[in-house]
Amino acid sequence: QEKSYRQHLFLNFLEIPPDSKRRSRTGTYSTFTFGPNGNKVRFILLDTRTFRDSHVIPSVGGIPWLHPVGAVIACMTRFFSSVFSLDVDYNGDILGEEQWRWLEQVLNETVKHSNDIKFNIIVSSIQVFSSNPLFEGWTHFPRARSRLLDIISRHRPKGLLFLSGDVHFGEFLGLDNDEYGGLMEVTS
């Protein structure tokens, strides 16, 4: 109920029309394509909050009476779960099945229109390639991260770049791997 209300407020803030498809589904994921024919840029915006499972050790960062130390405790929880490999086999998800299907469909469409779409930017609110255990990121959800990379390797969208945030600093991250090719992430 609370997530639905927050989604409603978010879509109102963005002035999304009442008849938009985005209002009839759960989650705020979407895609936008800009530019002239032959040189379009597609933005694929992932919703990494609505469907995300709890971390292998549930976070205490959101408990109001723990502020201001709640965020520090959450960082330490992530750090210790990484050091002691508690999250290595964790099967938690980030996107949820409906959004995974949507992402597959968007990437299929992107590949079909590869003559028009020159760049694809996947936007994630949390870092995809960072291995820093202190920050929230896809690295704490190894099954979901592998699934994302597998989808990318199957579709190989042209001019792919990941854009992420939520760490209060900027960073360039890369994943140079034969299986996935050279992938780049910009954290803003």
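Trainee: What should I know about the numbering and the confidence limits?
Mentor: Residues are numbered from 1 along each chain as its sequence is written. In this predicted model, local features need pLDDT of at least 70, side-chain atom pairs count only at pLDDT 80 or more, and totals for chains, interfaces and linings use all residues, while side-chain values use heavy atoms, without hydrogens and water.

Trainee: Why is helix 3 called roughly parallel to helix 4?
Mentor: Helix 3 (residues 97–112) and helix 4 (residues 142–155) pack at an angle of about 20°, and their axes are 10 Å apart. Angles under 35 degrees count as roughly parallel, over 145 as roughly antiparallel, 65 to 115 as roughly perpendicular and the rest as oblique. Helix 3 is therefore roughly parallel to helix 4.

Trainee: Which residues of helix 3 and helix 4 meet?
Mentor: Contact means heavy atoms within 4.5 Å. Among them, W100, L103 and L107 of helix 3 are on one side, with L148, I151 and I152 of helix 4 on the other. By class, this contact has eight nonpolar, two polar and four charged residues.

Trainee: What makes strand 2 and strand 3 a pair?
Mentor: Two strands pair if DSSP finds at least two bridges between them. Strand 2 (residues 40–45) and strand 3 (residues 117–123) have six bridges, in the parallel sense.

Trainee: How is strand 1 joined to strand 2?
Mentor: Strand 1 (residues 30–34) and strand 2 run antiparallel, with five bridges joining them. F32 stands opposite F43 of strand 2. Their hairpin has five residues between the strands, and G35 takes a positive phi near 110° there.

Trainee: Where does the chain go from strand 3?
Mentor: Strand 3 also pairs with strand 4 (residues 160–164), in the parallel sense over four bridges, and I122 stands opposite F162 in strand 4. From strand 3 the chain crosses through helix 4 to strand 4, a right-handed β-α-β crossover.

Definitions and conventions: Axes fitted to C-alpha atoms, helices over the stretch in contact; angles between N-to-C directions. Helix = DSSP H or I, 4+ residues; strand = E, 2+ residues; numbered from the N terminus. Nonpolar A, V, L, I, M, F, W, Y, C, P; charged D, E, K, R; others polar. Right-handed = clockwise from strand over helix to strand, strands pointing away.
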